[in-house]
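Subject: Structure for your files

Hello,

Please find the structure below. My notes on what was found in it follow.

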Amino acid sequence: MFSGKFLIILAICLMVPFAMAECGNGQCESGEPSTCPGDCPTEPILEINVLSPVPGQIFYRGEPVLVKIQALVDGEKGTDLEIINSYGFFGNIILRDDGDHEDEKWKDGIYANSFQINSNDGPFIKPIFIYTKRGHSTKLDRIEIIINNDLNLNLKTDKPNYYLGDEINFSGSIARRATPIETSLELTVKDGAEKEYVIPIETDETGFFSANLHTSLIDATGNWTSSFAAADDYNNSGTITRTFEVKDPSDKSFLEIEVVEEPLLFYRRGDDLVLLVKVFDDQGNEINEASIELETPLGEKLAFDRHESNVFYVATKIPVSMPAGKQIFFVRASASKDGLVKSGDMNVSLNIKEIGITTELLEPKSNQAQIGETIIFTVRMFYENGLPVSLDKVPAKINGNEVELFSEGGGIYSMEYIVKESDSTIDFAINFSDSSGNPAKLQTQISVQGISFMHYLREYWHFILTAILILAVIGFLLRKQIKAILEMRRLKRQLAATEALLAKNEKEYVAGKISREEFNKFATKYNGEIIKLKNRIEKKEGAKNGKK
């Protein structure tokens, strides 16, 4: 059995080198990493934060892609990396820290360079690799971007239905993202018998175009189609088709639709929209039995209900995804009179404006943090009409670096951030617009003071783990000795108690309180137990001293 002194010496030996190390001999010997770092150079801890592009970011052919990273060596600005380049489907580029490649400042640890998406790249997901090296420390990061070669095309007619002899007015636009494309193209129109009309058109500097076609009485009725294909100089392209109905003039309706109350000058997304209309026949008589439908610019169809005997209404909320600007809503009515079904339609033009997104910071509550502390940023985002923002994630920035908050449902978004040694403050900002152009903004600053326990735990976990292992070894080696000491104490307490009972038995016999027969009975019992206890104590003491 090991003695307590031996185990303590053993624990010390585990922590202290057995042999004396010689400093300056160029050999990394036991104990020298802390006492002689010249013999034991440590590899730098290389940390790379990719600032651009954002994973999943969408690019079009012909657009530049900025590859930008922040390099940290042992927590400080990494200004002396030996190799830092990016490669992939585009070839290979060297990232620079010279202030001339969108890398902010010279020698600030920010490296950047750009490449352009070629006309034959993509579409779909493409990986970008970033390789960095300093000394023997290397890192390889992978970022995936999406190459999209589909142009944003728009094509519409001024009405959903026409009659032979009417003029059909077309309008549309072409853009790559929000960049308008000025080009020449052909609009193809086919009648109900597939007879084809080709209309040359040109877009203006805003990417917009308009055209018209006069129908004739010899054209075929039915569903007509209009379409065009477009491409830009970088091979981004697209095709769009729209369908509308052209009827025979003999079927022309005699119903007229009249708006009871003029719409407001403008509506914001999320506002309530209520339209009240009346319907008249060709004699100017009010119709009180009619089927009326509203079609929105998003293609949603809503039925009117009867408000009064001759007034019909529809009530809805303007979706937050409704395009901004002047939008055309179609109202169609049909009614049966004298055994004939007659119909009519009209356009209602509404001016739609964006709606703001209110952003509330729920967490953190404190405006102070410590190095190594994990901060949970939680925000609540909802439109001005109270509806929660419904996105999978929202972009944000922390100290200028792009991050993402992920949805937890109900307009709640959150993310975690670990405070770095290089953070003197934490500037958290949200500044983006949703896919419909509704803006959201939030900005807050947190001061950094002190160092948290978690920082030491992350930085020195290997030393802490070593100490825990040493204590575990000591505990393992001492467990039998501790158990033997506790058992010895228990036996001695039991021996003392039994000897006290024997003395009490003799005292009661002398005082005449018990008979001789009872005295002999208990004396034999107690003496037997005492002999057994002494033998057990003697054996354990002998084992402790190394005797057999």
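K107 is partly exposed, with a relative accessible area of 41%; partly exposed is the class between buried, under 20%, and exposed, over 50% (1.4 Å probe, protein chains only). This residue sits in the loop between β6 (91–94) and β7 (110–116), where strands are DSSP runs of E with at least two residues, numbered from the N terminus. The phi of K107 is near 55°, which is positive in a residue other than glycine.

This is a predicted model, in which local features need pLDDT of at least 70 and side-chain atom pairs count only at pLDDT 80 or more, while totals for chains, interfaces and linings use all residues. Numbering runs from 1 along each chain as its sequence is written, and side-chain values use heavy atoms, with hydrogens and water left out.

Strand β8 covers residues 124–134. F124, in that strand, also has a positive phi, about 85°, although it is not a glycine. F124 is exposed, with a relative accessible area of 62%.

Next, the cis peptide bonds. The bond from S52 to P53 is cis, with omega near 0°, and P53 is in the loop between β1 (46–52) and β2 (58–59). E363 and P364 are also joined by a cis peptide bond, with omega about 0°; P364 lies in the loop between β29 (357–363) and β30 (368–371).

The structure holds one cavity of 30 Å³ or more, and the volume of the largest cavity is about 30 Å³. A cavity is a set of points on a 1 Å grid over the protein atoms alone where a 1.4 Å probe fits but cannot get out, and lining residues have an atom within 4 Å of a point. Its volume is the space filled by probe spheres set on the points, which are joined across faces, edges and corners. Residues lining the largest cavity include L273, E300, K317 and F329.

Regards

How values were computed
Helix = DSSP H or I, 4+ residues; strand = E, 2+ residues; numbered from the N terminus. 1 Å grid on protein atoms, 1.4 Å probe; cavity = no way out; pocket = protein on both sides within 12 Å on 5 of 7 lines; lining within 4 Å.
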